[in-house]
Amino acid sequence: MAIYIITGANGFLGNNLARALVKNPNNEVRALVSSPNRADALKNLNCKIFAGDVTQPDSLADIFNVPKGAKVYVIHCAAIVYIKSKPNPALQAVNVGGTENIIDKTLEIGAKLVYVNSVHSIPELPNGEVMTEIDHFDPAKVEGTYAKSKAEAAQLVLDAVKNRGLNACIVHPSGIIGPYDFKTSHLTQLIIDTMTGRLKAGVKGGYDFVDVRDVVNGIIAACEKGKTGECYILSGHYVSVPDLLKMIAEASGRKPVKTFLPLWLAELTAPLSEIYYNIKKQPPLYTKYSLYTLRSNANFSHAKADRELDYHSRPTEETITDTVQWLEQNHKYK
């Protein structure tokens, strides 16, 4: 029997992790949420719900209260994914301070930590060069406050491995898409806006997108097989925005978007886009940072994860079809 502690369990990745882990009756799944009233994504799942805040160490006492000698894996998913232009002071508290607290708690109980980071913490290489895992992270070498916070947190984990004997590895997903996104991330919002016809124009550019269920499989494999102090990129496939929107249209039976703006023009209108989505209280699609991402080098290699974790990434078309079907079946778009 193994105990799995998942932080950020009510989030997109966290609830998909819980869904996969509860399928094994030998697993005890402990889900950390900010409040029991905010655990809709975990409804009807056979997991234990704990209220807590990664920025408040005292609130983590219950979920980390495990039997002596138990086999425990801590999967740290809790983070703020942020692409808006307006500064967000919570990034440092949650993404960095929260990770530091989870490191301390993991060491206290002698568990193994799998820290869910991001490919954004890996410095971009020029000219489409293939990007692989690195062994040192520097916030000064990446763009955007979100990426900087994840780079700082990743280095905290590696420092704890080296200096404090922490048993931990790091995984770096690329752009996560897929079903069971109850909170509607900006990528799911893109799918919804395409399905409803609200998206009248797309942009040129593209990125590496990965199925949330493949990331889940990679994380679970990292619990058992991930080597201490090692990092693993969990990427998928590079897809241009026009191709992505075409896949969504085909899967949902909608008319495809035919107008695509050059990135320079989209950047001029990005501030208006942020204002519009703030008024709608929806995740923004186009911001200065998201547009930077779409023109950046996204040539990530997951060869190391393939080799050491038996990692696989499914075709993007399959992911889009499954996501559209989930949104339709659960009435998650309007």
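This is a predicted model: local features need pLDDT of at least 70, side-chain atom pairs count only at pLDDT 80 or more; totals for chains, interfaces and linings use all residues.
How many aromatic pairs does the count come to? Five.

**Stop 1: the ring pairs**

Select F182 and W326. Their ring centres sit 5.2 Å apart, with the planes at 85 degrees. Planes over 60 degrees apart count as edge-to-face, so this pair is edge-to-face. F182 is in the loop between β7 (175–177) and α4, while W326 belongs to helix α10. The pair therefore ties together parts that are 144 residues apart in sequence. Colour by accessibility next. W326 is buried at 6% relative accessible area, whereas F182 is partly exposed at 28%.

Ring pairs link Y180, F182 and W326 into a cluster.

Move to Y207 and F209. These two also form an edge-to-face aromatic pair, 6.3 Å from centre to centre and with 75 degrees between the planes. Y207 is buried, with a relative accessible area of 6%. F209 is buried too, at 5%.

**Stop 2: α4 against α10**

Select residues 186–196 for helix α4 and 316–329 for helix α10. The two axes come within 11 Å and cross at roughly 70 degrees. Angles of 65 to 115 degrees count as roughly perpendicular, and α4 and α10 are therefore roughly perpendicular to each other. Show side chains at the crossing. From α4, pick T188, I191, I192 and M195; from α10, pick I320, T323, V324, L327 and E328. These residues make the contact. They divide into six nonpolar, two polar and one charged.

**Stop 3: the nonpolar cores**

Keep I320 selected. I320 is listed with I5, V74, L113, V157 and L166 as having the most contacts inside the largest nonpolar core, a set of 64 residues. Helix α3 (residues 145–164) gives the most to this core, with eight residues.

Centre on V157. Leaving out residues up to four places away in sequence, V157 touches T99, I103, L113, Y115, L166, A168 and I170.

**Stop 4: a serine in a loop**

Where is S235? Look in the loop between β10 (231–234) and β11 (237–240). Buried or exposed? S235 is buried, with a relative accessible area of 0%. Select its contacts, setting aside neighbours within four places in sequence: S174, D208, V210, F300, S301, H302, Y311 and S313.

Note on methods
Residues are numbered from 1 along each chain as its sequence is written. Side-chain values use heavy atoms; hydrogens and water are left out. Axes are lines fitted to C-alpha atoms, for helices over the stretch in contact, and angles run from 0 to 180 degrees between N-to-C directions. Helices (H or I, at least four residues) and strands (E, at least two) are DSSP runs, numbered from the N terminus. Angles under 35 degrees count as roughly parallel, over 145 as roughly antiparallel, 65 to 115 as roughly perpendicular and the rest as oblique. Contact means heavy atoms within 4.5 Å. Ala, Val, Leu, Ile, Met, Phe, Trp, Tyr, Cys and Pro count as nonpolar, Asp, Glu, Lys and Arg as charged, and the others, Gly among them, as polar. Buried means under 20% relative accessible area, exposed over 50%, partly exposed in between (1.4 Å probe, protein chains only). A nonpolar core is a set of buried Ala, Val, Leu, Ile, Met, Phe, Trp, Tyr and Cys residues joined through side-chain atoms within 4.5 Å. Rings of Phe, Tyr and Trp (its six-membered ring) pair if their centres lie within 6.5 Å; planes under 30 degrees apart count as stacked, over 60 as edge-to-face and the rest as tilted.
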